[in-house]
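User: I would like to learn how to read a structure feature by feature. Please give the general idea each time, and then the case at hand.

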Amino acid sequence: MAMTTIGLDISKSWFQIHWITADGEIIRKKLARGKVLDFFSRLPSCLVGLEACGSAHHWARELIKLGHKARLMPARYVRAYVKTNKHDAADAEACWEAVQRPGMRFVPVKTVEQQGILMLHRARDLLIRQRTGAINALRGHLGELGIVTGKGKASARELMALVDVDERIPQSARSALSILVDQIEDLELHIESYEKMILATAKDNEVCRRLMKVAGVGPFAATALAASVDHPQQFASARHFAAWLGLVPKQHSTGGKERLGGISKRGDGYIRKLLIHGARAAVHRVRIHQVTNTWITELLGRRPFNVVTVALAHKTARIAWAIMATGEEYRAQV
């Protein structure tokens with residue numbers, strides 16, 4: 001079989017393969033998960049196109065070990081090449097078609113270490129959402145009994161302390177609420193352990209140390225950036241990097257007329273969230289005159305707070321790309 005390009009649609013159990021031979025014959029093959037690597041080990045080196053979805057980085061690494069050239073593509077870019085209804089064979093054919101397009105954008109294959117750092121972030125983020133849900137449930141249940149406090153962590157801890165001592169809580173409700181309190185405390189311990197691991201990673205990583213010198217970039221944003229962007233040169237410019245994070249205006253232009261809306265919110269939403277949170281804190285410090293920044297002050301004079309926050313996050317993303325691409329230290333503007 002003389003083949004140079006293969007489209008591979010991956011899943012949990014069954015994988016679909018699509019290619020065209022040198023004679024123009026279309027070949028479609030369905031493989032069980034355990035037979036995929038054995039199949040590719042018997043092939044000469046070829047280009048394999050996959051969608052960048054769950055477990056795609058693992059399969060790309062395994063294919064590279066076998067001597068193949070694996071290229072991951074965003075699913076939204078592959079979808080345009082699905083000619084019929086969506087099914088595994090059509091997806092594999094779309095991968096085969098898309099990977100050969102000159103203008104296709106590819107996703108770099110992450111290492112196991114990079115995925116491990118990002119898993120720390122994802123797990124911590126999940127636990128924080130679970131803690132927020134448990135606290136909101138506790139507030140709601142106690143609110144039905146007339147026990148209400150203010151917002152914030154300190155007030156939530158006051159509510160947790162009241163569960164065992166407040167006489168307004170009936171015994172049947174106290175046992176149920178105690179379980180919620182135990183869950184919140186357990187989640188906080190796990191969140192703290194994840195944060196310690198992320199802080200240790202940021203301290204040991206040279207790229208993270210350089211990124212953390214930028215205002216609005218802390219250890220969480222720095223480690224997420226370093227783990228997600230192993231090769232910053234894949235982006236043509238700093239603006240392309242900001243666009244990958246969804247921090248540029250969404251465009252809907254036609255007929256030579258340019259129409260720009262809010263930010264596109266495409267790409268990695270987690271990193272975008274971290275950068276915007278960091279920017280919000282930096283803008284707040286300038287607004288209360290805790291620190292001085294002429295650029296932010298002038299922008300606050302003519303734009304709303306949230307607009308300035310996103311603008312600073314965009315600027316921070318560009319600075320972060322320059323630091324990672326050039327390997328230089330950040331030089332703060334005087």
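Predicted model: local features only at pLDDT ≥ 70, side-chain atom pairs only at ≥ 80, totals over all residues.

User: What does the secondary structure of the protein chain come to?

Analyst: The protein chain has 13 helices and seven strands.

User: How does the radius of gyration of the protein chain stand beside that of a compact globule?

Analyst: The idea is to set the value beside what a compact globule of 334 residues would have, which is near 20 Å. The protein chain has 25 Å. Its C-alpha atoms fill a box of roughly 80 × 60 × 45 Å along the principal axes.

User: What share of the residues count as buried, and what share of the accessible surface belongs to carbon and sulfur atoms?

Analyst: Of the 334 residues, 39% count as buried. The accessible surface comes to about 18,900 Å², and 54% of that belongs to carbon and sulfur atoms. Contacts can be read by sequence separation too: among those between residues at least 6 apart, 52% join residues at least 24 apart.

User: Which residues of the largest nonpolar core touch the most other members?

Analyst: In soluble globular proteins, nonpolar side chains tend to be buried together. Here the largest nonpolar core has 41 residues, and Leu211, Phe241 and Leu275 touch the most other members. At least two residues of this core come from each of helix 7 (171-204), helix 8 (206-211), helix 9 (219-228), helix 10 (238-244), helix 11 (269-287), helix 12 (294-300) and helix 13 (305-326). Take phenylalanine 241: apart from neighbours within four places in sequence, its contacts are Leu225, Val229, Phe235, Ala317, Trp321 and Met324. There is also a second, separate core of 21 residues, with Leu8, Phe40, Leu63 and Leu72 among them.

User: How many aromatic pairs does a search of the whole structure find, and how is one read?

Analyst: The search finds six. To read a pair, take the distance between ring centres and the angle between planes; over 60 degrees counts as edge-to-face. Phenylalanine 15 and tryptophan 59 have centres 4.9 Å apart and planes at 70°, so this pair is edge-to-face. Phenylalanine 15 belongs to strand 2 (residues 14-20) and tryptophan 59 to helix 2 (residues 56-65), so the pair ties together parts 44 residues apart in sequence. Phenylalanine 15 is buried, at 1% relative accessibility, and tryptophan 59 is buried as well, at 4%.

Another edge-to-face pair is phenylalanine 39 with phenylalanine 40, at 5.3 Å centre to centre and 85° between the planes. Both phenylalanine 39 and phenylalanine 40 are buried. Together with Trp19, they form one aromatic cluster.

User: Which ring does arginine 71 lie over, and which does arginine 124?

Analyst: For a charge over a ring, look at the distance to the ring centre and the position over the face. Arginine 71 lies over the face of phenylalanine 106, 3.8 Å from the ring centre. Arginine 124 lies over the face of phenylalanine 220, at 4.1 Å.

Phenylalanine 220 turns up again among the contacts of histidine 121. Histidine 121 lies in helix 5 (residues 112-143) and is buried, with a relative accessible area of 0%. Leaving aside neighbours within four places in sequence, histidine 121 also contacts Ile198, Thr223, Ala224 and Tyr270.

User: Why is helix 4 said to be largely enclosed by the rest of the structure?

Analyst: Count the buried residues along the helix. In helix 4 (residues 88-98), nine of the eleven residues are buried, so the helix is largely enclosed by the rest of the structure. The buried residues include Asp91, Cys95, Trp96 and Glu97. They pack against strand 1 (5-9), strand 2, strand 3 (26-32), strand 4 (47-51), strand 5 (69-73) and helix 3 (75-78).

User: Where does lysine 265, with its positive phi, lie?

Analyst: Check the angle, then the place and the exposure. Lysine 265 has phi near 60°, positive although the residue is not glycine. Lysine 265 lies in the loop between strand 7 (260-263) and helix 11, and is exposed at 58% relative accessibility.

User: Is histidine 289 buried or exposed?

Analyst: Histidine 289 is exposed, with a relative accessible area of 71%. Its phi is also positive, about 65°, and its place is the loop between helix 11 and helix 12.

Technical notes:
Residues numbered from 1 in each chain as written. Heavy atoms only, no water. Phe/Tyr/Trp six-rings, centres within 6.5 Å; stacked < 30°, edge-to-face > 60°. Helix = DSSP H or I, 4+ residues; strand = E, 2+ residues; numbered from the N terminus. Buried < 20%, exposed > 50% of the residue type's maximum accessible area, 1.4 Å probe, protein only. Lys NZ or Arg CZ within 6 Å of the ring centre and 35° of its normal. Core = buried A, V, L, I, M, F, W, Y, C linked by side-chain atoms within 4.5 Å. Contact = heavy atoms within 4.5 Å. Rg over C-alpha atoms; globule rule 2.2 N^0.38 Å. Areas by Shrake-Rupley, 256 points an atom, 1.4 Å probe, with all protein chains shown as cover.
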